[in-house]
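Here are some notes for a colleague who is opening this structure for the first time. They go point by point and can be checked against the display.

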Amino acid sequence: QAMAMNVLDYLVKVPLRESDLAAVLEKAGAALLRDEEKDLKFHHLQVTVQGNIQRLRKQVMEELLYGGMNSRVLKQRSKELMIDFQFKDYSSFVVRLDGYGQFQNDYGSGDQKTLKYGMLNIIEELIRNASGAFACEIGSDRFVGFISWPNLNSAIQIENKAYEIGQSIYANIKKYLDLSISIGYSKPLHGWDSIATAYEEAANALMDSFYLGYGSIITPLRKLGYEEAAAAEVEAHLKEMLEYLSPADEQGLQGLRKLKDLVNKKKVSPVNLIAMIKQFFVQIDRKASAWKGLQTTIPLDTISHVTHCEQLMKIIGEKWNESRLQMSHSNERLEIIRAKQYIESYLTDRLALHQVAEHVNMNPSYFSELFKKEVKEGFTDYVNRKRIERAIQMLQTNHYSNAELAEAVGIMNEAYFCTVFKKITGKSPQKYSAR
């Protein structure tokens with residue numbers, strides 16, 4: 001029995017010397033330590049092997065999907081890549097990390113790698129529990145996976161199971177890593193030669209999150225339909241907006257609101273829409289440059305990787321406001337123009353002087369002095385005046401309570417809002433609206 005239990009030694013009961021007991025315990029402790037070290041080395045080896053496998057998978061998959069590698073190469077190398085998967089009745093899915101630009105700002109390169117590795121572990125663990133499947137990182141902000149449906153016989157069953165797995169992946173990554181993802185699925189396909197097609201379908205499905213928002217799970221039956229004929233209507237509106245881009249522009253905000261409503265209503269393909277907006281930006285710069293050679297600071301690359309409609313509309317608004325301000329204040333220093341544009345874009349937020357100074361890469365004290373010298377008005381007075389001007393615009397179109405006005409223009413204290421309003425206009429908000 002002792003041999004079966006791997007007993008290391010034994011002590012005679014009488015006489016029992018303390019030194020013998022200590023020696024045996026030290027022997028047992030040393031044996032345990034050796035076992036722990038061996039387990040740790042084995043764990044490190046497994047992690048290293050797994051990491052190497054994932055890097056190799058990423059390399060091969062990117063060559064296959066982006067470089068035109070023949071799918072038979074993946075089949076031949078499946079054992080080397082530890083892919084135990086039969087490409088029969090399967091779907092591809094693509095997991096995208098939402099808000100990748102913010103992710104890069106929030107984490108250093110080492111933390112980014114750790115979080116991506118954690119995401120991949122969660123994805124693989126959940127799809128492994130579901131059925132035969134594998135996944136790997138692809139590109140900088142996404143993962144691709146393939147999952148088979150051996151026991152599902154109908155499109156509805158596959159649809160429901162895919163959505164269920166997607167929800168589980170989203171919930172666990174959100175819970176354990178506090179990150180948001182969106183997922184797109186292809187329809188069920190068959191055969192090694194369909195791998196690239198499956199991936200392309202999943203990536204196209206993922207584009208629907210542009211309108212559906214972050215955290216979307218898009219399966220074949222949940223895909224949006226795009227009105228490509230509406231692209232001409234959007235393009236015509238952009239041309240109309242360009243016509244009244246000028247220093248005295250009074251229709252810009254209305255045009256931007258109409259553009260947002262139009263895009264959300266008509267659902268133009270994100271790829272086509274971004275291409276149109278790129279051309280729109282080129283034309284804005286061309287028109288702005290006619291005013292003393294001005295050039296905005298928002299480059300085309302800014303919208304190349306936009307993944308959300310609201311994000312795109314915000315960038316368009318910033319581009320438009322900056323162009324208009326540059327044209328109307330072409331004699332001002334560029335830092336002041338950029339500061340005014342930033343204030344205009346974030347007027348309803350809690351604006352602080354140091355934030356704006358940081359945006360224009362200036363020391364807060366120097367920026368404060370420069371702003372007052374150039375604008376002939378202190379930073380706080382300028383921001384308050386702009387907020388009250390916006391409140392006046394609102395009162396000209398509808399009736400609002402003081403609390404609603406204060407919140408809408410970024411002043412959280414209703415009493416303070418009324419004090420500022422009266423100081424600037426000479427009347428209370430309600431008396432002003434009754435004029």
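1. Helices here are DSSP runs of H or I with at least four residues, numbered from the N terminus. The model is predicted. With that numbering, Phe421 belongs to helix 17, which covers residues 414–425.

2. Is Phe421 buried or exposed? Phe421 is buried, because its relative accessible area is 0% and the cut-off for buried is under 20%. Beyond four places in sequence, Phe421 touches Ile388, Ala391, Ile392, Leu395, Gly426, Lys427, Ser428, Pro429 and Tyr432.

3. Phe210 is part of helix 7. Phe210 has a relative accessible area of 2% and is therefore buried. With neighbours within four places in sequence left aside, the contacts of Phe210 are Pro270, Leu273, Val306, Thr307, His308, Cys309 and Leu312. Phe210 and Gln311 are 101 residues apart along the chain, and 9.2 Å separates their C-alpha atoms.

4. Which elements each supply at least two residues of the lining of the second largest pocket? They are strand 1 (90–97), helix 3 (100–106), helix 6 (195–206), helix 7 (209–212), helix 10 (270–289) and helix 11 (309–328). Sorted by class, the lining has 13 nonpolar, eleven polar and seven charged residues.

5. Leu152 sits in the loop between strand 3 (142–148) and helix 5 (155–177). Leu152 counts as partly exposed, because its relative accessibility is 24%. Once neighbours within four places in sequence are set aside, Leu152 is in contact with Gln157, Ile158 and Lys161. The C-alpha atoms of Leu152 and Ser92 lie 16 Å apart, and 60 residues separate the two along the chain.

6. Please look at the packing of helix 12 (residues 334–345) with helix 14 (residues 364–375), where the axes are 11 Å apart and the angle is about 95°. Helix 12 is therefore roughly perpendicular to helix 14, as angles of 65 to 115 degrees are classed that way. From helix 12 the contact takes Ile336, Ala339, Lys340 and Ile343, and from helix 14 it takes Phe367, Leu370, Phe371, Glu374 and Val375. By class, seven residues of this contact are nonpolar, none is polar and two are charged.

7. Most residues other than glycine have a negative phi. Lys376, in the loop between helix 14 and helix 15 (379–395), has a positive phi near 65°. Lys376 is exposed, because its relative accessible area is 68%.

8. The other is Lys267, with a positive phi near 55°. Lys267 is found in the loop between helix 9 (252–266) and helix 10. Its relative accessible area of 23% makes Lys267 partly exposed.

Technical notes
Residues are numbered from 1 along each chain as its sequence is written. This is a predicted model: local features need pLDDT of at least 70, side-chain atom pairs count only at pLDDT 80 or more; totals for chains, interfaces and linings use all residues. Side-chain values use heavy atoms; hydrogens and water are left out. Axes are lines fitted to C-alpha atoms, for helices over the stretch in contact, and angles run from 0 to 180 degrees between N-to-C directions. Angles under 35 degrees count as roughly parallel, over 145 as roughly antiparallel, 65 to 115 as roughly perpendicular and the rest as oblique. Contact means heavy atoms within 4.5 Å. Ala, Val, Leu, Ile, Met, Phe, Trp, Tyr, Cys and Pro count as nonpolar, Asp, Glu, Lys and Arg as charged, and the others, Gly among them, as polar. Buried means under 20% relative accessible area, exposed over 50%, partly exposed in between (1.4 Å probe, protein chains only).
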